[in-house]
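Open the model in your viewer and keep the selection tool at hand. This tour tells you what to pick next and what you will find there.

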Amino acid sequence: MRLHYLLPLLIIGLIISSCTTPQQTTQLSPEVSVDGASAHWVASDLLIWDPGVDAESYELRYSLDADLAIQRFGAPSGQSIELTESGMLTSYQADKFRHISDRPVFSLNGDREEFREALKGQLVAVAYDLNGIPVKATRVQTHGVIDDLYTYNGQLGPIYSNNGVSLKIWAPTAQHITLTIFDESKNEIETVDPAEYQTQNGVWVFEGTRDWDRKFYRLNVTVFHPENNEINTFKVTDPYSVSLSTDSRYSQFVNLSDEDLKPAGWDDLRKELPFPTDITLYEAHMRDFSIIDESVPEEQRGTYMAFTNNGEDGRELSNGMAHLKRLNESGLTHLHLLPINDIASVIEDKNQRVDLNDPFNRICEVIGTNQQLANDCEKYGTTPIREVFKQLVEDDPTTLEIQRIYRSPEHSNKLADYDGFNWGYDPFHFNVPEGSYSTNPEGTQRILETRKMVQALDQIGLNIVVDVVYNHTHATGASRFSVLDKVVPEYYHRLDPDTGIVETSTCCPNTAAEFNMMENLIIDSVILWAKEYKIDSFRFDLMGHHPRYVMERLTEELAKLTLEEDGVDGENIYIYGEGWNFGEVADNRIFDQATQFMMGGTGIGNFNDRSRDGIRGGNFTNNRRAQGFTNGRYLFPNEDAGAPDEELAVLLDHADRIRVGMTGNLAGYPYINRFGDLVTGGNEMIGYAELPQESVNYIDKHDNETLWDNTQTKLPHSMNMEERIRVHLLSQAMINFGQGVPFHQMGSDILRSKSMDRNSYDSGDWYNAIDFTLETNNWGIGLPPGWDNSDLWEGQREFLNNPNIDIRKEHMELAHQLFREQLEIRYSSSLFRLRSAEEVNQRVAYHNTGTDQIPGVIAVSYSDGVCAGEVLDSNLDGVLIIFNSSLDEQSIDLNLSGMMLHPIQQDGADNLVKQSQVENGTFTVPGLTAAVFIKEQDGEQGEFLCNPLSD
């Protein structure tokens, strides 16, 4: 042990002895403050740290009793590992820790066994001056050294074998773990010690008999946690749980291969998945889909089982499933569900919840009260909450009363915290279906019902996407909703490099997939959902907060799954996500991100906000009334529009964004831009994809206002309903007729509204539920909750009270039918679904471009002519789509002959598009219309224009 602190202590002691009498007392050893957590133990023998002070020597101090006290004039507690300024990072380490690689690097003088011991305790890095007095102390971040010493690539969680049941827990920094087993009533049966602790990989192994099967369990993890600087014993569930009790208080031993957890025919369910550009996505939320659908048995509403009412095998066909069935018959391939894994924000025990069918006074009984709520409960009594809300809306469609009751601003509790609704972007356990979506949240029922849902959707031809949220957890530290951070404190989360505070740029505690075991958790979890639940696609929330290499490894691991061996077509499981570039990881600061402009060539999809904003003009929240290409920019300006020349310039910019977007947002696609220049899609940072499947083209999803709501804010107040609906459908046509992967929010095809709520994540069933009887679309059902809307209320009130916006059932029926016709046109020819950049570059040509273009008209052709090479559609030589976003008809002269309006539009429900004409190469299209023309093949491949700009 180093004794450098003794000399100054002796000297100071002598000085004080000569200056004091025996009766005087002096505090000799004030503690040095431990500031932040700026030391990074990045490998077993290397530590990065910039103390920011002049120092002579350095050490790493640790204590298994968490009693470290760094004293300015006294013997420090704990054990010591010497640090020397001689460290050097490898190129791999310098890249892995790129954001701090320019800081000083120290070598650790010790052995790996001592390092393993140190990681189980409190850690502080200390710098000393020439006299051995500590001048700086900081906590130590240990992600890198844990990866170096303890990375484990085996199975975790419950493991079944012929010999019994075992449990493996990765917890290398824990001092001890025991396992407590409970019966179904949660009475403790026994607490057992681990059969083994595997020092080389940090895994604790528990061995039991088959008697453990279906029993509940919890871990007792004794571990140091920096949150309170103490050795804690946390009672915590298993991070790799596959089944849970109600409200996730206990894990459960379950073998997912048990026959009673499979619907009949489950093992025979094998789905050959479509190529990504053959996919169309339809985004839904579990409760939105069925919570008010009276054609679904009451106990199944808002649950997995609602989807089993599919009209197959003698079952009834619900309104919602009939809707999905019609869309599938028109071409829809994938139903995207917002998170269905276990979440923290919804109470699963219905006895502790308040839902809209409950009597109003239950609000006060369950969540408590203030004077205003007490008055409400006395006034409305046992009247169902839903009926109270209906009456409030009848009196005033922009009432503030409903949102007040939901958010109770004068009260610590609010209805939104006690109802059954939340989007679910607050993961609790990653590998277990959410219990509130089951008819019984206790134990295994949720497993069986999730599989029944998947099977029922397959029976009507729909594949399933699940929304996965691995970028953050709901909580850390000692919170009841903290799991990972109790088992391996601070490892799974990304910390500020100086303060050590958990980063929260995602909204909540950010995870750190740049470290091995968080990366493994993501991949293990996705593989489990793919194999055990036959999930066909995964949408990654805030994917840009993950490293690109993690997403690439995921696709590689999925591709190993085969129909023959695993019952899963892993190679065609489509991965897509939000590649937004922001937060502490922005601009590849910490790693190469999975962001839009970083993912080209991977085959992984990114949401395309470039063409989205071009089409719709941005959302009302951020852009207010700024119009887009389809909703009036320059052509029919609203009351707040700018100068005409400025509006025209923006309209032409929008047109270029849309043109690139409709190629699959290809960075390399050549076209003539609005300035008359030959450029590629990547010009002006528009195109980012190298493959068309890498662009998920959309104009609305659960975030922000629905397409209908957003569009109403852009249009002139006086516009009539027929024109409003045409604008809505024209916007959708740009998605459905373009290359890439179309994506729509559920209900957008029936003019879905959320009463202008810009962020309905916790706004309850009242604002979110969808009525498939089309009796309402939720427009004007009260101003939305104030937590994200209050600054918009004035404008929202104006639009919601506009008498020219009067949505009726026949409007929704027409919109639904025309949306279906758009899908049918898309799936009538593979020319709408080109698979490679080479095909797009060769076959897709734009007309009406450059400086002389007709504003508001986009004309694009898809060639299957001789110049294109291989025949893709034996029935057609080519397709031409003309989008006219002006109110009046427009004509355009093109060098294309032998064309006619698409038969689906000739026979369809839109009478206006039937007025489209083609004569002597001049195409005339009515206002607010997307007209599709085709040239039929006459026995053999004919002539049709290819892209003249392609190499």
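In which helix does Val840 lie? Select Val840 and look at the element around it: this residue lies in helix H25, which covers residues 837-843. Remember as you go that this is a predicted model.

**Stop 1: Val840**

Keep Val840 selected. Is it buried or exposed? Its relative accessibility is 0%, so Val840 counts as buried; the cut-off for buried is under 20%. Now show its contacts. Leaving aside residues up to four places away in sequence, Val840 touches Thr663, Leu666, Tyr669, Pro692, Gln739 and Leu834. Val840 and Ile159 are 681 residues apart along the chain, and their C-alpha atoms are separated by 48 Å.

**Stop 2: the whole protein**

Zoom out and colour by secondary structure. The protein has 26 helices and 36 strands. Its radius of gyration is 31 Å, close to the 30 Å that the globule rule gives for 951 residues, so the protein is as compact as a globular protein of that length. The C-alpha atoms fill a box of roughly 110 × 65 × 60 Å.

Colour by accessibility next. Of the 951 residues, 63% are buried. Then consider the contacts with a separation of 6 or more: residues 24 or more positions apart account for 73% of them.

**Stop 3: the largest pocket**

Select Ile292, Lys390, Asp771, Thr776 and Asn778. What do they surround? Of the 33 residues that line the largest pocket, these five are the closest to its centre. The volume of this pocket is about 800 Å³.

Now select three helices: H9 (385-395), H22 (764-768) and H24 (809-826). Each supplies at least two residues of the pocket lining. Which gives the most to the lining of the largest pocket? That is H9, with 5 residues. Colour the lining by class. You will find 12 nonpolar, 8 polar and 13 charged residues.

**Stop 4: Leu774**

Pick Leu774. This residue sits in the loop between H22 and helix H23 (793-800). At 10% relative accessibility, Leu774 counts as buried. Check its backbone too. Phi of Leu774 is near 65 degrees, a positive value in a residue other than glycine. Most residues other than glycine have a negative phi.

**Stop 5: the cavities**

How many cavities of 30 Å³ or more does the structure hold? There are 13. Visit two of them.

Start with the largest cavity, which has a volume of about 200 Å³. Select Leu818, Gln822, Gln905, Asp910 and Ala930, which lie nearest its centre among the 15 lining residues. Then show helix H21 (721-736), H24 and strand S36 (929-936). Each of these supplies at least two residues of the lining of the largest cavity. By class, that lining divides into 9 nonpolar, 3 polar and 3 charged residues.

Move on to the second largest cavity, with about 160 Å³ of space. Its lining has 16 residues, and His40, His99, Gln141, His143 and Phe515 are the closest to the centre. Select strand S1 (39-43) and helix H4 (143-150). Each supplies at least two residues of this lining, and S1 gives the most, with 3 residues. The lining of the second largest cavity has 7 nonpolar, 6 polar and 3 charged residues.

**Stop 6: Ser86**

Select Ser86, in the loop between strand S4 (79-84) and helix H2 (91-96). Ser86 has 52% relative accessibility and therefore counts as exposed; the cut-off for exposed is over 50%. Show its contacts. Not counting residues up to four places away in sequence, Ser86 touches Val105 and Ser107.

**Stop 7: Asn920**

Finish at Asn920. Where is the place of Asn920? Look in the loop between strand S34 (917-919) and strand S35 (922-925). At 79% relative accessibility, Asn920 counts as exposed. Its phi is near 55 degrees, a positive value in a residue other than glycine.

How values were computed:
Residues numbered from 1 in each chain as written. Predicted model: local features only at pLDDT ≥ 70, side-chain atom pairs only at ≥ 80, totals over all residues. Heavy atoms only, no water. 1 Å grid on protein atoms, 1.4 Å probe; cavity = no way out; pocket = protein on both sides within 12 Å on 5 of 7 lines; lining within 4 Å. Points joined across faces, edges and corners; volume = space filled by probe spheres on them. Helix = DSSP H or I, 4+ residues; strand = E, 2+ residues; numbered from the N terminus. Nonpolar A, V, L, I, M, F, W, Y, C, P; charged D, E, K, R; others polar. Rg over C-alpha atoms; globule rule 2.2 N^0.38 Å. Buried < 20%, exposed > 50% of the residue type's maximum accessible area, 1.4 Å probe, protein only. Contact = heavy atoms within 4.5 Å.
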